[in-house]
Amino acid sequence: LDWKEDMNFKLKNGKLIHINVFSLVYSYSRFKVFYLSLSRKRDVLLHLLDQAFETAGGVPKALKTDNMKTVMDEPRTARSKGKVNARFEQFAKDYGFETKPCTAGHPWSKGKVENPMKTLDELFAYNGTLDLYGLCLKMKEIDMINSMVKVAGFPHRRELKDFDFSFQPSINKEQIMDFSTLRFLENKENIVFLGNSGVGKTHMAVSLGIEAAKKRNSTYFIKCHDLIQQLRKANEENRLENRLKNYSRYKLLIIDEIGYLPITKEESKLFFQLIDKRYEQKSTILTTNIGFGEWDEIFQDPVMANAILDRILHHAHVVSITGKSYRMKDHIKKKPHTKQE
């Protein structure tokens with residue numbers, strides 16, 4: 001539980017208001033509830049908590065918070081447990097949760113409360129352009145976008161602006177920026193990033209995935225090995241069709257690291273079924289370090305490999321990256337030159 005307190009925001013009519021944002025984050029599911037309020041009084045806090053519990057569909061066993069005055073009569077410190085005020089303590093008792101104040105001396109605990117609030121800083125990009133109602137709608141929109149990015153399962157949040165194109169001159173920056181318009185999604189085209197380890201394939205794939213998720217396109221990232229294992233498990237449990245439907249519904253599916261680990265013939269058939277379901281229906285981004293001529297070795301079946309490649313490459317953009325490993329650039333030292341006498 002946290003407040004983003006006393007933020008100055010200018011409405012489009014020029015009026016300056018002080019806004020507060022209530023935030024409740026469920027630690028296991030990462031489900032978030034945000035409310036905009038002009039007041040941080042205790043009655044307002046309790047009302048918003050009641051609404052949040054209803055929205056989330058349940059009350060947590062414990063509620064972690066910082067030393068906000070609407071909750072604490074005495075702050076928690078490294079030497080004191082602090083004292084929860086009687087009104088909030090009775091509210092917690094009525095709803096059946098335990099109040100757990102955290103301190104600035106415990107940054108990990110404090111961070112779990114405050115980190116999700118950082119996304120709300122995006123609101124200030126709309127300073128002076130919205131009325132109060134529009135501000136409330138924009139906050140909900142920002143929260144929804146960030147939630148879509150989070151559920152996509154990206155291994156990191158690095159975007160195209162974070163990529164060093166000067167280190168990989170073999171990459172056509174204009175082509176990548178064109179991909180970021182998401183025209184390939186509308187055309188149901190695929191993208192394949194091909195190159196050695198560390199050249200930026202996954203960074204490119206994730207960056208485009210983030211762009212897609214921000215535009216409210218259902219997006220999901222998964223390592224090829226994890227995907228194969230999930231399909232195999234579903235097949236063994238007679239749930240393959242449901243699993244295939246699940247992966248087929250994403251407007252953009254990113255399959256990372258094809259060819260890094262061996263795939264059996266039976267697993268190749270499962271992978272083919274997924275690619276076939278998405279063929280000409282949805283877009284897929286793939287990364288691989290193996291040339292297409294060697295895919296029959298990956299899938300251990302030339303016929304199946306050709307069938308998979310046929311469906312992937314029919315409507316695809318292939319980006320070959322021939323540079324050096326970005327991860328190794330700071331570790332590879334030049335041999336020192338010795339003076340000749």
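These notebook entries record what I looked up in a predicted model.

**Ground rules.** I worked with a predicted model in which local features need pLDDT of at least 70 and side-chain atom pairs count only at pLDDT 80 or more, while totals for chains, interfaces and linings use all residues. I numbered residues from 1 along each chain as its sequence is written, and side-chain values use heavy atoms, with hydrogens and water left out.

**Entry 1: the sheet.** I took helices (H or I, at least four residues) and strands (E, at least two) as DSSP runs, numbered from the N terminus. I found an open sheet of 3 strands in the order β1-β2-β3, with antiparallel pairing. Its edge strands are β1 (2-10) and β3, each of which pairs on one side only. Two strands pair if DSSP finds at least two bridges between them. Strands of a sheet pair through backbone hydrogen bonds, either parallel or antiparallel.

I then looked up β2 (residues 16-25), which pairs with β3 in the antiparallel sense over 6 bridges. Serine 23 stands opposite phenylalanine 34 in β3.

**Entry 2: strand β3.** How many residues of β3 are buried? I noted 6 of its 6 residues (32-37) as buried, meaning under 20% relative accessible area, with exposed over 50% and partly exposed in between (1.4 Å probe, protein chains only). Lys32, Phe34 and Leu36 point one way from β3, and Val33, Tyr35 and Ser37 point the other way.

**Entry 3: lysine 150.** I located lysine 150 in helix α4 (residues 132-151). Is lysine 150 buried or partly exposed? Its relative accessibility is 47%, so lysine 150 counts as partly exposed. I also looked up threonine 219, which is 69 residues from lysine 150 along the chain; their C-alpha atoms are separated by 10.0 Å.

**Entry 4: helices α9 and α10.** I found that the axes of α9 (residues 240-248) and α10 (residues 265-278) come within 9 Å and cross at roughly 45 degrees. Axes are lines fitted to C-alpha atoms, for helices over the stretch in contact, and angles run from 0 to 180 degrees between N-to-C directions. The angle makes α9 oblique to α10, since angles under 35 degrees count as roughly parallel, over 145 as roughly antiparallel, 65 to 115 as roughly perpendicular and the rest as oblique.

I listed the residues in contact (heavy atoms within 4.5 Å). From α9 they are Leu240, Glu241, Leu244, Tyr247 and Ser248, and from α10 they are Leu270, Gln273, Leu274, Lys277 and Arg278.
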